[in-house]
Amino acid sequence: MRKIKLYGELVKITGHKELEAAVNTTAQAVSFLVNNFPELESHMATRYYQVLLEKDNVNIDELHFPVGKSDIKFVPIVSGSGGLG
């Protein structure tokens, strides 16, 4: 079981700051969230999130890599923060 920690609007939508799921990759964590909270799919499709394992950023090429024992954190990136362009 892996802890999935949510921040910002994700907490408001799901009603949870933390969930536990039997996932081994970040992609599986996203699938778990979307399947259990269908409204998240359209929300996440129009926003940017930083995914962290411990303090390390997960990039798109690493979505299917095993997460080991790390918690998976979904942190919103504030629009206009300068981190995406």
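Why are Glu 9 and Lys 12 separated by about one helical turn? They sit three residues apart in helix H1 (residues 9-14), so about one helical turn lies between them. Helices here are DSSP runs of H or I with at least four residues, strands are E runs of at least two, and both are numbered from the N terminus.

Before the rest, a note on the model. It is a predicted one, in which local features need pLDDT of at least 70 and side-chain atom pairs count only at pLDDT 80 or more, while totals for chains, interfaces and linings use all residues. Residues are numbered from 1 along each chain as its sequence is written, and side-chain values use heavy atoms, with hydrogens and water left out.

pLDDT is the predictor's confidence in each residue, on a scale from 0 to 100. The chain averages 91, and 92% of the residues score at least 70.

Five strands form an open sheet in the order E2-E1-E5-E3-E4, with mixed pairing. E2 and E4 are at the edges with a single partner strand each, so one side of each has no neighbour in the sheet. Two strands count as paired if DSSP finds at least two bridges between them. E1 and E2 run antiparallel and are joined by four bridges.

Now the charged side chains. A salt bridge here is a side-chain nitrogen of Lys or Arg within 4 Å of a carboxyl oxygen of Asp or Glu. How many salt bridges does that rule give? The count is three.

One of them is the pair I opened with: the closest N and O atoms of Glu 9 and Lys 12 are 3.4 Å apart. For exposure, buried means under 20% relative accessible area, exposed means over 50%, and partly exposed is in between (1.4 Å probe, protein chains only). Glu 9 is partly exposed at 38%, and Lys 12 is exposed at 65%.

Another salt bridge joins Lys 3 and Glu 18, at 3.7 Å from N to O. This pair links distant parts of the chain, with Lys 3 in strand E1 (residues 2-6) and Glu 18 in strand E2, 15 residues apart. Lys 3 is partly exposed, with 32% relative accessible area, and Glu 18 is partly exposed at 40%.

Lys 5 and Asp 71 also form a salt bridge, 3.3 Å from N to O. Lys 5 is in strand E1 and Asp 71 in the loop between strand E4 (56-57) and strand E5 (72-76), so the pair ties together parts 66 residues apart in sequence. Asp 71 is partly exposed, at 21%.

What about a charged residue without such a partner? Arg 2, in strand E1, is buried yet has no salt bridge, and the nearest side chain of opposite charge, Asp 71, is 5.8 Å away. For charge, Lys and Arg count as positive and Asp and Glu as negative, with His and the chain ends not counted. A polar atom of the Arg 2 side chain lies 3.0 Å from the backbone oxygen of Gly 68. The bridge partner of Arg 2 in E2 is Ala 21.

Last, Lys 17, in the loop between H1 and E2. Lys 17 is exposed, with a relative accessible area of 64%. Its C-alpha atom is 5.0 Å from that of Leu 6, 11 residues away along the chain.

Definitions and conventions:
A polar contact is a pair of N or O atoms within 3.5 Å; within protein, one must be able to donate a hydrogen and the other to accept it, and residues adjacent in sequence count only if both atoms are side-chain atoms.
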